[in-house]
Amino acid sequence: MRWEEVVVIGGGVAGATAALAARAEGATVTLLEEQSAVGGYMRWCIGVQADVFDDGEGRRGFELAELLWDKLYDAGVNVQLRSTAWGLFEDNVLGVVNPDTSYQLRAEKIVLASGSTDVAIPFAGWELPGVMTARAALTAMNIWRVVPGRRVGVVGNGSDLQEVLESLSAAGVDVVAHVSDVVLAEAGGEGSVEWLSGNGERAEVDAIITVHGVQPDAELALQGQAGTYFSDGSAAHVPQRSDGLESSVKNLWVVGDAAGITTTLEAAAEGNVAGHAVSKSKKLDAALERLAEVRTSAGVRPPASIMDAGSLRDETQVCRCEEIRASEVRQAIAGGATTINDVKRKNRAGMGVCQGIFCTRSIATLIHSQAGTSFEDLVPMTARPPARLIPLARLAASED
Amino acid sequence: MTDKDTGAFRVSSHPMLGERRDADVTRVIVDGREYHGFVGEPIAMTLLAHGIRSARSTAETGTARGYFCGVGRCPDCAMTVDGELNVMTCITPLKPGMIVRTQQGLGTWEEAE
């Protein structure tokens with residue numbers, strides 16, 4: 001088993017900031033980044049971002065991502081790309097997999113900065129090829145310079161709408177239809193998406209981008225049994241934290257979007273606090289002051305859209321992985337299911353590869369509307385490793 | 001290389017990202033047909049650039065799925081690549097000469113090589 005002093009999971013703004021602060025205070029820091037570059041959300045954004053380093057430079061998202069990489073490299077942070085922490089076990093032991101090997105890693109202190117995932121809201125035809133989330137489309141356009149289509153439809157009006165529309169325009173793609181209320185959206189086509197309608201009139205499209213905002217993604221903290229509460233600001237259950245951003249699990253800090261949807265400035269200020277906390281820095285108080293200041297001045301990022309349960313058609317799939325339709329979830333609730341775990345036990349909804357990240361919000365909303373359970377009581381389903389789809393052969397090649 | 005060789009859905013010149021710095025071009029076989037893509041880009045991007053939107057059909061209802069979450073969380077872009085089943089093409093880099101196949105459900109032993 002490997003051992004590290006400080007392990008940061010996620011190289012977005014929050015994670016990179018935490019790693020930089022801890023390193024500057026003398027800690028040895030390893031940063032695990034699942035993707036092929038650091039920068040997280042910033043990598044696929046072309047819009048000008050908040051002034052994270054307070055130097056007056058108005059950087060676009062991808063420029064900020066590149067700067068984070070330069071700073072991490074210069075500071076001597078051990079950055080491991082394409083490295084996925086898929087499990088958090090007792091005593092801060094992580095299961096990690098990369099393209100070559102898998103290994104266990106015991107960390108004295110962990111900063112979880114796993115960021116967000118796009119919210120998905122079911123509508124008729126949303127499972128057709130050509131329909132994709134905002135970050136899938138932004139990744140294609142702004143990192144890989146491939147456009148989703150030439151006649152694109154947009155569904156939803158989440159917090160990333162501006163970024164999506166600017167990116168489409170910059171790439172020279174026409175938006176032929178925008179259905180801002182997902183309740184009205186309907187898509188169809190043979191083999192892949194061909195049309196989108198909002199109010200009955202069909203527009204010919206070759207791709208649809210769904211834009212509903214983002215949700216905190218702290219699956220490893222849930223695996224580690226961290227206590228959670230329902231945050232109205234994020235419209236989601238998120239890890240409880242101390243003033244110093246430590247979770248209820250000892251030596252596990254959670255920062256940035258993973259702990260609740262934040263602005264970019266707040267994510268950086270949180271990372272800075274955690275970095276000073278894990279390195280027992282004398283500057284922790286100053287970092288805490290800065291965070292308090294940012295929280296009062298930087299505004300808030302709006303929570304993701306919530307599905308309208310009443311208008312969801314029976315035949316629409318809610319759980320894409322296991323192909324469970326709304327009717328089946330409704331039957332499960334009518335049959336006595338009152339929790340997300342109950343629904344999963346009855347029909348496998350939420351049991352698929354995505355670990356429920358794209359359906360449990362919808363299932364919670366269906367239970368809330370049909371059985372009257374409050375969102376506070378609709379706790380996330382039990383999180384079990386692995387957090388990602390990993391070939392068994394890769395785990396079997398473990399060095400342990 | 002011209003845009004035509006690597007797909008019609010590329011953006012070569014971009015007002016903010018600038019001119020594209022092309023990587024090496026490689027041949028890739030998708031369901032028996034020859035295409036070209038850039039080494040190192042996710043396989044799903046090579047396909048999307050050629051307007052190939054469907055990656056697999058589902059196990060239960062056999063309906064088509066494609067690139068959806070883009071970040072390795074959902075199973076919808078999983079394909080059979082060089083005989084390996086369930087490869088998430090959105091996060092797997094294209095290597096020279098890959099053979100990519102549309103996958104039926106969770107894949108079959110016959111598909112795996």
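Q: How many salt bridges are there between chain A and chain B?
A: Three, going by this predicted model. One of them joins Asp217(A) to Arg73(B), and the closest N and O atoms there are 2.3 Å apart.

Q: How many residue pairs are in polar contact across the interface?
A: The rule finds 20 between chain A and chain B, counting pairs with both residues at pLDDT 80 or more.

Q: OK, how much area do chain A and chain B bury between them?
A: About 3700 Å², with 59% of it on carbon and sulfur atoms. In chain A, the residues that lose the most area to chain B are Trp144(A), Arg145(A) and Glu323(A), and together they make up 20% of what that side buries.

Q: How many residues of each chain are in contact?
A: 47 from chain A, against 45 from chain B.

Q: Is Cys359(A) buried or exposed?
A: Buried, at a relative accessible area of 2%.

Q: What about Cys90(B), where's its closest cysteine sulfur?
A: In Cys77(B), at 3.9 Å. The cut-off for a disulfide is 2.5 Å, so the sulfur of Cys90(B) is too far from that of Cys77(B) for a bond.

Q: And Cys90(B), buried or exposed?
A: Buried as well, with a relative accessible area of 7%.

Q: One more residue, Glu266(A). Which helix does it lie in?
A: Helix α6 of chain A, which covers residues 264-278.

Q: Is Glu266(A) buried or exposed?
A: The relative accessible area of Glu266(A) is 14%, so it counts as buried, the limit being under 20%.

Q: What does Glu266(A) touch, leaving out residues up to four places away in sequence?
A: With those left out, Glu266(A) touches Leu291(A), Val294(A) and Arg295(A).

How values were computed
Residues numbered from 1 in each chain as written. Chains lettered and ligands numbered in written order. Predicted model: local features only at pLDDT ≥ 70, side-chain atom pairs only at ≥ 80, totals over all residues. Heavy atoms only, no water. Buried < 20%, exposed > 50% of the residue type's maximum accessible area, 1.4 Å probe, protein only. Contact = heavy atoms within 4.5 Å. Buried area = accessible area lost by both parts, 1.4 Å probe. Salt bridge = Lys/Arg side-chain N within 4 Å of Asp/Glu carboxyl O. Polar contact = N/O pair within 3.5 Å; in protein donor to acceptor, adjacent residues only side chain to side chain. Helix = DSSP H or I, 4+ residues; strand = E, 2+ residues; numbered from the N terminus.
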